[in-house]
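Colleague: I have this one open now. Walk me through it, starting with the surface.

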Amino acid sequence: MNSNLFCSHTRVFPISFVLGRKRKPYKITKEVRYVLSNGMAYTVEKGFRLDGTSVPKVFRSIMPRINNKIIGSTLHDHMYINDYLRKELGDKKARKFIDKEMLLFWNKYDPKKKIENKIMYLLVRTFGRKIFNKYKKVS
């Protein structure tokens, strides 16, 4: 198996681990395209850096940061950083849309863990505003 790919069951996702990087240690190795629930196409470019699925350190032995949720988590991080729909919808609605997209992708690629997905989604909704606002671009 290529070391630049995360493979889970029948899905292959182009991601690699960069040694020596504590902050955002993962990198997308190939452009990834998504179709969102609103019918829009969305692209995450090759080279995008992320920290994987946000999992507190204490739980990483039972839930690693690279897991079946990585596709939704990558999309979510990229949209947060790039202010997806923030101008069009405003902060509150854009963040809610982005968070829901993450949950939809989690449920699609990790369907046996819908309760866990929902709990993690609620945690993102509860604690994610600070991160979302951190990336807000100044007009």
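Modeller: I115, I119, L123 and F127 form a nonpolar surface patch, with about 460 Å² of accessible area together. This is a predicted model, in which local features need pLDDT of at least 70 and side-chain atom pairs pLDDT 80 or more, while totals for chains, interfaces and linings use all residues. Residues are numbered from 1 along each chain as its sequence is written, and side-chain values use heavy atoms, with hydrogens and water left out.

Colleague: What are the rules for a patch?

Modeller: Patch residues have over 30% relative accessible area and no salt bridge; nonpolar side chains (Val, Leu, Ile, Met, Phe, Trp, Tyr) are joined within 5 Å and like charges within 9 Å. The areas are Shrake-Rupley values with a 1.4 Å probe, and for residues only the protein chains shown count as cover.

Colleague: Where is L123 placed?

Modeller: L123 is in helix α4. Helices (H or I, at least four residues) and strands (E, at least two) are DSSP runs, numbered from the N terminus.

Colleague: Which residues form the positive patch?

Modeller: K92, K96, K100, K118 and R129. Lys and Arg count as positive and Asp and Glu as negative, with His and the chain ends not counted. Each charge is placed at NZ of Lys, CZ of Arg, CG of Asp or CD of Glu.

Colleague: Which helix gives the largest share of the positive patch?

Modeller: Helix α3, residues 91–109, with 3 residues. K118 is found in helix α4, residues 114–127, and is partly exposed at a relative accessible area of 41%.

Colleague: Back up a bit. How many helices and strands are there?

Modeller: There are 5 helices and 6 strands. Along the sequence the pattern is β-β-β-β-β-β-α-α-α-α-α. Of the 139 residues, 45% count as buried.

Colleague: How many residues are in the largest nonpolar core?

Modeller: It has 32 residues, and those with the most contacts inside it are F13, I28, Y34, L36, Y42, M79 and Y84. The elements that give two or more residues to this core are β2 (11–17), β3 (26–28), β4 (32–35), β5 (41–44), α1 (70–81), α3 and α4. α3 gives the most, with 8 residues. A nonpolar core here is a set of buried Ala, Val, Leu, Ile, Met, Phe, Trp, Tyr and Cys residues joined through side-chain atoms within 4.5 Å. In soluble globular proteins, nonpolar side chains tend to be buried together.

Colleague: Switching topic. How many salt bridges does the structure hold?

Modeller: It holds 7. A salt bridge is a side-chain nitrogen of Lys or Arg within 4 Å of a carboxyl oxygen of Asp or Glu. One of them joins K69 and E116, at 2.7 Å from N to O. That pair links distant parts of the chain: K69 is in the loop between β6 (49–50) and α1, E116 is in helix α4, and they are 47 residues apart.

Colleague: Is K69 buried or exposed?

Modeller: K69 counts as buried, because its relative accessibility is 1%. E116 counts as partly exposed, at 26%. K69, D110 and E116 are linked in a network of salt bridges.

Colleague: Which residue forms a salt bridge with D99?

Modeller: R125, with the closest N and O atoms 2.8 Å apart. R125 lies in helix α4 and D99 in helix α3, so the pair ties together parts that are 26 residues apart in sequence. D99 is buried, with a relative accessible area of 0%, whereas R125 is partly exposed at 23%.

Colleague: Last topic, the backbone. What is the phi of D83?

Modeller: D83 has a positive phi of about 55° although it is not a glycine. L85 also has a positive phi, about 60°, and is not a glycine. Most residues other than glycine have a negative phi. D83 lies in the loop between α1 and α2 (86–89), and L85 is placed in the loop between α1 and α2.

Colleague: Are D83 and L85 buried or exposed?

Modeller: D83 is buried at a relative accessible area of 14%, and L85 counts as buried at 18%.

How values were computed: Buried < 20%, exposed > 50% of the residue type's maximum accessible area, 1.4 Å probe, protein only.
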